[in-house]
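Some labels used for protein models rest on cut-offs.

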Amino acid sequence: QAQLVESGGGVFQPGESLRLSCKVSQFALIYYDVGWFRQAPGKDREGISCMTQNDGLEDVYYSDDVKGRFLISRDNVKNEMYLIMNGLVPEDTAVYFCAAVATGVLPNICVSHTEYSDLIVWGQGTQVTVSS
């Protein structure tokens, strides 16, 4: 069974940085589009950064809230994806999820995840708390 496992969450102070990792098993990440999502208390899940493979190129998306602070990457050899989070603010407090969908199935999953959630493989989430 396909599995994504996040790690790297915890409690951080404003201004700090961290790296979330997502280990993928049972499928080859190279054939998948990937993304990071978060869900804050009382809010809907939102897509914050996604990579969509398109004719040999990779389109990278960042939400306005994280653009310029977060960096998504992937290592298809290790079968892992990452999210570097810089300049943390309390509003970054949320459960963070990694996700993947086979390339070509959906457009940018950061945008389409709500309607097509069942087509996406999700991790179980890792809590990130930003507090002074």
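Q: What makes two residues count as being in contact?
A: Contact means that heavy atoms lie within 4.5 Å. By that rule Leu83 touches Leu18, Arg19, Leu20, Trp36, Ile48, Ser49, Phe70, Leu71, Ile72 and Tyr96, leaving out residues up to four places away in sequence.

Q: What kind of model is this, and how are its residues numbered?
A: The model is predicted, so local features need pLDDT of at least 70 and side-chain atom pairs count only at pLDDT 80 or more, while totals for chains, interfaces and linings use all residues. Residues are numbered from 1 along each chain as its sequence is written, and side-chain values use heavy atoms, with hydrogens and water left out.

Q: Why is Ser49 called buried?
A: Buried means under 20% relative accessible area, exposed means over 50%, and partly exposed is in between (1.4 Å probe, protein chains only). Ser49 has 0% relative accessibility, so it counts as buried.

Q: Where is Ser49 found, and what does Ser49 touch?
A: Ser49 is found in strand 5; strands (E, at least two residues) and helices (H or I, at least four) are DSSP runs, numbered from the N terminus. Leaving out residues up to four places away in sequence, Ser49 touches Gly35, Trp36, Tyr61, Tyr62, Ile72, Leu83 and Cys110.

Q: What is the distance between Ser49 and Arg38 in sequence and in space?
A: They are eleven residues apart in sequence and 9.8 Å apart in space, C-alpha to C-alpha.

Q: What makes a set of residues a nonpolar core?
A: Its members are buried Ala, Val, Leu, Ile, Met, Phe, Trp, Tyr and Cys residues joined through side-chain atoms within 4.5 Å. The largest such core here has 28 residues, and those with the most contacts inside it are Trp36, Met81, Leu83, Met85 and Tyr96. Apart from it lies another core, of nine residues, including Leu106 and Ile120. In soluble globular proteins, nonpolar side chains tend to be buried together.

Q: Is Asp75 buried, partly exposed or exposed, and how do you know?
A: Asp75 has a relative accessible area of 23%, so the label is partly exposed. Asp75 lies in strand 7 and touches Glu80 and Tyr82, not counting residues up to four places away in sequence. The side chain of Asp75 also reaches the backbone nitrogen of Val77 at 3.0 Å.

Q: Where does Arg69 lie, and which backbone oxygen lies 2.9 Å from its side chain?
A: Arg69 lies in the loop between strand 6 (57-62) and strand 7. The backbone oxygen of Asp65 lies 2.9 Å from a polar atom of the Arg69 side chain.

Q: Why is Gln26 called exposed?
A: Gln26 has a relative accessible area of 62%, so it is exposed. Gln26 lies in the loop between strand 3 and strand 4.

Key:
A polar contact is a pair of N or O atoms within 3.5 Å; within protein, one must be able to donate a hydrogen and the other to accept it, and residues adjacent in sequence count only if both atoms are side-chain atoms.
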